[in-house]
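Here's a quick tour for anyone who wants to get their bearings before setting up a calculation. Have a look at the model first.

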Amino acid sequence: MDPNVKKDNVNFSDNDYKNLYEYIQSKNTAILVVMFTDIKGFTKLTETKGDRYANDLRMKHDEIMREVIEKENAGKIIKYIGDAIMAVFTEPTTAVQKALEIQREMDSFNQTRSNGDELKVRIGLHMGQVAVDNTLKKDIFGRHVNRASRVQGLADGGQIYVSYPVFDSALGWLVENASIGWKAHGFYFLKGIDKPAEIYEVFDSRSKKPMAPKNAKKKTVIPGIIPMAAATLLGCLISLFIFFYEKTEIIFMDYKDRDIVYIDNEKEFFLDGKKGDKVRHPVEKISKGKHFLNFKFNSSRHYIGEFEVKSGKNIFKFPLLLTEIPSITEQINIADGEIITQNEKEKKGKYFYYANGEKIEKEIIMRLKIHDSFIDKDVMRVKINFQLVLDGKEIFNGEREYKNLINNSSSTEIEYETLWGDEFEEYGVRGYMNRSTISITLEGNFK
């Protein structure tokens, strides 16, 4: 590395800013993910092997980086700083993908160098807004570059460290990929930055294991001046406190078209973000323990799943089970002088719901029989018998009569009538009549 190059404070030329601004404009974004990388031990390598050897190795490094980062316009390298590279991306998921790909490519390259020096790259990612009113703010961008550089400085060769904004935004993709692991290392103090930053590591779980930052100052809760015995006791008390009262975070995956979830048939929980977001959080706190979650598709069709909230981070991505109460619809048209004495339909179905923490399964038989239907003096008269048998027990058996003037050009609505119900479900009828036609529906609904 050129000793005159300083990575602590990156200086950007007018051309660097021009390239950056053009990239932002082409992507129509105000937010960027900044990637900062460097080669571990490059200065020592230069001193021991010479400039020519080191530069040849760095050129191969630069070639790999360009091919990975700028392939299909995924990202853009803004500046080469000796053995370091600063690149930008518009998508956090893409940035993390490319970081993982870089490490895989470096590993592949190193396998070809049985007798040579290996390329070990350290990567740091940070994300933030860099443009306001469609204008690049150089000071804001500089702060994000600085933070990405500091995050990278905590990493060892072959590691990828990311700040919390990047991790949180890419979490949906991470959860979907079983081969990708991540580890929360906690809060660390970064050089020149007052507040500690939450550091996460992303890695290929098939070939690597996470490792906390070395030689870095981690935020702790025990002051160094406390005597050892007192510190030990306080540490135990804090551990017990964390065990029982650790912050709980709940993440729902892939519930893109719902803003509300129902927990335990008792309360609505609104989700943050907006429809289409892959990762959503409940706005209000959900207590620890076992629950069931209910998405109400409509009054008769729900999607339900069981889950358990524990201390720490909870990520729920489970296939919700469909539960649906069946219905019967019958429609007839009576010709002048015709008499329908019997027209019967039957529907069987099973459904379930949760009550008082238990799964309740039901089986329903629904019967709808139209009889004694005829036209009398321009009036259509229809008698219908409804029967409901729930879990082998008849809960309703009764008849209703409906009338309609056949010379009435507008439809007559048969308003919904509840035939039977309890605190969890109910059954009723609804329909319409038009001239000599009747359409009637016997349906069940969740309460």
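## The chain overall

Keep in mind that this is a predicted model. The protein chain runs to 447 residues, and 44% of them count as buried. On the secondary-structure side, you get 7 helices and 25 strands.

If you take the contacts between residues at least 6 apart in sequence, 61% of them join residues at least 24 apart.

The largest nonpolar core holds 41 residues, and the ones with the most contacts inside it are Met35, Ile69, Val96, Ile102, Ile123, Leu125 and Val162. Helix α4 (residues 92–111) is the top contributor to this core, putting in 7 residues. Apart from that core sits another one, made of 30 residues, including Tyr353, Ala355, Met380 and Leu388.

Back to Val96: setting aside its neighbours within four places in sequence, Val96 touches Leu125, Val166, Ala170, Trp173, Leu174 and Val202.

## Where α2 meets α3

Helix α2 (residues 42–49) and helix α3 (residues 51–69) have axes that come within 7 Å and cross at roughly 140°. The two helices are therefore oblique to each other.

From α2, the contact uses Phe42, Leu45, Thr46 and Lys49, while α3 brings Asp51, Tyr53, Ala54, Leu57 and Arg58. Sorted by type, the residues of this α2–α3 contact come out as 5 nonpolar, 1 polar and 3 charged.

Note on methods
Residues numbered from 1 in each chain as written. Predicted model: local features only at pLDDT ≥ 70, side-chain atom pairs only at ≥ 80, totals over all residues. Heavy atoms only, no water. Core = buried A, V, L, I, M, F, W, Y, C linked by side-chain atoms within 4.5 Å. Buried < 20%, exposed > 50% of the residue type's maximum accessible area, 1.4 Å probe, protein only. Helix = DSSP H or I, 4+ residues; strand = E, 2+ residues; numbered from the N terminus. Contact = heavy atoms within 4.5 Å. Axes fitted to C-alpha atoms, helices over the stretch in contact; angles between N-to-C directions. Parallel < 35°, antiparallel > 145°, perpendicular 65-115°, else oblique. Nonpolar A, V, L, I, M, F, W, Y, C, P; charged D, E, K, R; others polar.
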